[in-house]
Amino acid sequence: MFVDVDPVSFTMDPALVEKAITKRTKAILPVHLYGQCADLDPLLAIADRYKLFLIEDACQAHGSEYKGRKAGTIGIAGCFSFYPGKNLGALGEGGAVTTNDEQLAQKLRMLRDHGSLRKYEHSLAGFNFRLEGLQGGLLGVKLPHLDNWNEQRRGVACIYNKNLEDANLKLPVEMPYGKHVYHLYIIQLENRDQVKQQLADRGIDTGLHYPVPLHLQQAYKDLGYKEGDFPVSERLSKQILSLPMYPGLSNQAVEYVASVLAEAVKCQAATAKAQ
Ligand SMILES: *Cc1c(COP(=O)(O)O)cnc(C)c1O
């Protein structure tokens with residue numbers, strides 16, 4: 001079952017979780033979306049009460065924190081992607097699972113290598129999910145820079161915040177419980193598509209993360225959801241816009257994006273009024 005998100009943090013709304021639990025539920029799987037942790041304490045309490053596992057999707061949250069603890073260290077397991085565009089990215093595909101549970105770690109090691117720990121012995125039907133040595137080597141070189149890169153992302157976010165505070169749009173909110181690592185910097189605005197085009201006309205590329213919510217994807221048609229089932233996700237999918245964000249983006253570039261954006265939003269508001 002899916003659960004709608006909280007409109008401020010964009011992460012799983014703990015108030016909606018219990019309603020979604022059925023006899024078949026085994027785990028709660030919050031996504032630390034855009035680089036910010038979901039509110040894990042209430043989710044852990046529910047997991048405890050219903051004897052469910054809490055698994056963290058930390059694929060966008062390398063180095064992010066929840067009440068002083070790192071993303072991926074709080075649930076029974078944390079899942080990381082090293083897709084090149086992530087805060088910690090390989091040169092190609094890659095990923096990792098973190099856990100403090102020795103038994104689970106052993107099972108995961110087997111699953112990633114066709115269910116085998118010793119050559120010719122397959123005790124599980126597994127997969128080929130082995131990380132390439134080359135990718136591991138590169139990730140080892142990049143990992144020591146992660147905290148510094150995340151600080152640079154936070155610096156970029158800070159300049160956007162300062163330069164856009166008077167613009168008529170919604171800025172991302174860093175929740176008091178955690179540390180945001182701004183995998184993405186997401187704003188919300190009514191006439192998103194026009195503003196996106198105006199930015200493109202001035203040479204500024206922006207992204208949509210994501211334009212179609214999961215429950216409306218063809219892949220999950222079988223679950224029987226329809227438009228209106230997850231109103232917050234649906235509204236966000238129409239209003240969100242991802243601004244340029246990466247470590248090393250210059251202050252000047254961020255200020256330029258912010259000024260073009262503020263102007264575009266003002267223009268759109270004026271045109272809307274005139275019509
Ligand atoms: C990137 C990403 C994934 C998938 O990672 P893969 O490396 O493609 O398996 C899963 N969840 C979130 C939130 C992501 O951003």
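## A bridge in the sheet

G78 has T98 as its bridge partner in β6, where strands, numbered from the N terminus, are DSSP runs of E with at least two residues, and helices are runs of H or I with at least four. The model is predicted, so local features need pLDDT of at least 70 and side-chain atom pairs count only at pLDDT 80 or more, while totals for chains, interfaces and linings use all residues. Residues are numbered from 1 along each chain as its sequence is written, and side-chain values use heavy atoms, with hydrogens and water left out.

Strand β5 (residues 77–81) and β6 run antiparallel and are joined by 4 bridges; two strands count as paired if DSSP finds at least two bridges between them. They belong to an open sheet of 4 strands with mixed pairing, in the order β1-β2-β5-β6. At its edges are β1 (27–28) and β6 (95–98), each of which pairs on one side only. In general, strands of a sheet pair through backbone hydrogen bonds, either parallel or antiparallel.

Strand β8 (residues 185–188) pairs with β9 in the antiparallel sense over 4 bridges, and I186 has S242 as its bridge partner in β9. Strand β9 (residues 240–243) is covered on both faces, since I240 and S242 on one side and L241 and L243 on the other are all buried, where buried means under 20% relative accessible area with a 1.4 Å probe, counting protein chains only.

## Around the ligand

The ligand is surrounded by V31, D57, C59, Q60, S81, K86 and G94, a residue being counted here if one of its heavy atoms lies within 4 Å. By class, this shell has 2 nonpolar, 3 polar and 2 charged residues.

Polar contacts are pairs of N or O atoms within 3.5 Å. In the side chain of D57, an N or O atom is 2.8 Å from a nitrogen atom of the ligand, whereas a polar side-chain atom of Q60 lies 2.8 Å from an oxygen atom of the ligand. For S81, an N or O atom of the side chain is 2.6 Å from a ligand oxygen atom. Of the 380 Å² of accessible area that the ligand has on its own, the protein covers 58%, as computed by the Shrake-Rupley method with a 1.4 Å probe.

## The nonpolar core

The largest nonpolar core has 27 residues, of which V17, I28, L40 and L43 touch the most other members; such a core is a set of buried Ala, Val, Leu, Ile, Met, Phe, Trp, Tyr and Cys residues joined through side-chain atoms within 4.5 Å. Two or more residues of this core come from each of α1 (17–20) and α2 (40–49), and α2 gives the largest share, 4 residues.

Notes. Buried means under 20% relative accessible area, exposed over 50%, partly exposed in between (1.4 Å probe, protein chains only). A polar contact is a pair of N or O atoms within 3.5 Å; within protein, one must be able to donate a hydrogen and the other to accept it, and residues adjacent in sequence count only if both atoms are side-chain atoms. Ala, Val, Leu, Ile, Met, Phe, Trp, Tyr, Cys and Pro count as nonpolar, Asp, Glu, Lys and Arg as charged, and the others, Gly among them, as polar.
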